[in-house]
Amino acid sequence: MPLDELSKRIIRKFQWPVSGGSHYTNKPSVYKMAKEFHVHPEVIKNRINNLLESGLVRGVKFYADSRFMPWNRYFILTRAGNSLAKEISGHFSEFPTLERVIFGTLKLPNHAGSNGDLNVEREFSGISLIASDESEMKKQLHDLEKTLGHPLDLVEIMNDSPQKERLISPSEQLVLNAVMYQNPLSMSINKIAQELRVPARTVRRKITKMLDAGVIYEEVSFDTNVVEGVLLPSIIISGDYKKWLPAINESEFLRDKLLLYKNWGRFSFFIFYAETFSIVDKLIGATREIDPASMLTYRNGSYNNPHCRYPPPKIGFA
């Protein structure tokens, strides 16, 4: 199931932070995509369904940017790979503050070698947790290890919450929590308004405000293990993606292959589409010209927790 240009353009629309004005305050994004791409909405719907049914795209989910939240997001890096991620996903219902688990196989630069080839291979998985502070996060990790029956083999614990912006109000947080449990492809403003017992126009205004500020964003999760003929390698570079994105966009080759980019802890992930493994080699060669310490991850994916619940606000609408 190779990705054609339309599929790649659809995936790029689910970019962190929100790109292309794909705001969901009036209609599901498929209609806006259809208008922009000059195709019928059913074409977009069918293409998204195909991506979901193939297993390549696990889903699309709303997230909250922790810069605006009264809680912190922690990213726990471990030495285990997909087996640990899958094991943890089986206990998602028991840990509603565990957002998701990502996994992959890293190829690292061999700095001792004369040519610096990527010939050191290592599995990894990363756990995203919501907690009010470090002590609460450590308690959650302890409870998770107790449930799994073994230690997590930790590499590093990162506070994945940058310096706080303005904190959202309790009324905004109520709306945000309701949005988090909606499907981005079919979100209903009226349903949220009925649940919160407030006018739909109030909900729409607050959602628009939070989308414009970057408080709410959406992400696609992949599983590149399940579909043959599709390569979605990620390049991992230390530092915020904003530092590296301009240089990547200067390369016509990299810009054409780039699908998505995001931050995880102190690392940035750049997800590319490659038709062959020779293209993968060219990708890492091109990115290593930008940063010699860049790492390649492949056979990667993520498990999103459908039971995730963000802490409720202390008061409701004023």
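Is lysine 257 buried or exposed in this model? At 10% relative accessibility, lysine 257 counts as buried, where buried means under 20% relative accessible area, exposed means over 50%, and partly exposed lies in between (1.4 Å probe, protein chains only). Before we go further, please keep in mind that this is a predicted model, in which local features need pLDDT of at least 70 and side-chain atom pairs count only at pLDDT 80 or more, while totals for chains, interfaces and linings use all residues. Residues are numbered from 1 along each chain as its sequence is written, and side-chain values use heavy atoms, with hydrogens and water left out.

Let us stay with lysine 257 for a moment. Lysine 257 forms a salt bridge with aspartate 256, and the closest N and O atoms of the pair are 3.9 Å apart. A salt bridge here is a side-chain nitrogen of Lys or Arg within 4 Å of a carboxyl oxygen of Asp or Glu. Aspartate 256 counts as partly exposed, at 42% relative accessibility. Salt bridges that share partners also join Glu5, Lys8 and Arg12 into one network. In total, the structure holds 14 salt bridges. Side chains of opposite charge can pair when their charged atoms come close.

Another of these pairs is aspartate 65 with arginine 67, whose closest N and O atoms are 3.0 Å apart. Aspartate 65 is buried at 6% relative accessibility, whereas arginine 67 is partly exposed at 22%.

A further salt bridge leads us to the helices. Lysine 209 pairs with glutamate 172, with 3.3 Å between the closest N and O atoms. Because lysine 209 sits in helix 8 and glutamate 172 in helix 6 (residues 170–180), this pair ties together parts that are 37 residues apart in sequence. Helices (H or I, at least four residues) and strands (E, at least two) are DSSP runs, numbered from the N terminus. Glutamate 172 is buried, with a relative accessible area of 3%, while lysine 209 is partly exposed, with 46%.

Now look at how helix 6 and helix 8 meet. Two packed helices are described by the angle between their axes and the distance between the axes. The axes of helix 6 and helix 8 come within 10 Å and cross at roughly 85°, which makes helix 6 roughly perpendicular to helix 8. Axes are lines fitted to C-alpha atoms, for helices over the stretch in contact, and angles run from 0 to 180 degrees between N-to-C directions. Angles under 35 degrees count as roughly parallel, over 145 as roughly antiparallel, 65 to 115 as roughly perpendicular and the rest as oblique. On the helix 6 side, Ser171, Glu172, Val175, Leu176 and Val179 meet Val203, Lys206, Ile207, Lys209 and Met210 of helix 8; contact means heavy atoms within 4.5 Å.

Helix 6 is largely enclosed by the rest of the structure, because nine of its 11 residues are buried. Among the buried residues are Glu172, Val175, Leu176 and Val179. The buried residues of helix 6 pack against strand 1 (57–64), helix 7, helix 8 and strand 6 (216–222).

Helix 8 (residues 200–213) also packs with helix 7 (residues 189–196), at an angle of about 110° and with the axes 8 Å apart. That angle makes helix 7 roughly perpendicular to helix 8. Here Ile189, Asn190, Ile192 and Ala193 of helix 7 meet Ala200, Val203, Arg204 and Ile207 of helix 8.

Between helix 7 and helix 8 runs a loop that contains arginine 197. Arginine 197 has a positive phi of about 60° although it is not a glycine, and it counts as exposed at 78% relative accessibility. Aspartate 153 has a positive phi of about 55°, again without being a glycine. Aspartate 153 lies in the loop between helix 5 (134–148) and strand 5 (154–159) and is partly exposed at 42% relative accessibility. Most residues other than glycine have a negative phi.

Our last stop is isoleucine 237, in strand 7 (residues 234–238). Isoleucine 237 is buried, with a relative accessible area of 1%. Isoleucine 237 and aspartate 291 are 54 residues apart in sequence, and their C-alpha atoms are 7.4 Å apart in space. Leaving aside neighbours within four places in sequence, isoleucine 237 is in contact with residues including Trp244, Phe267, Phe270 and Asp291.
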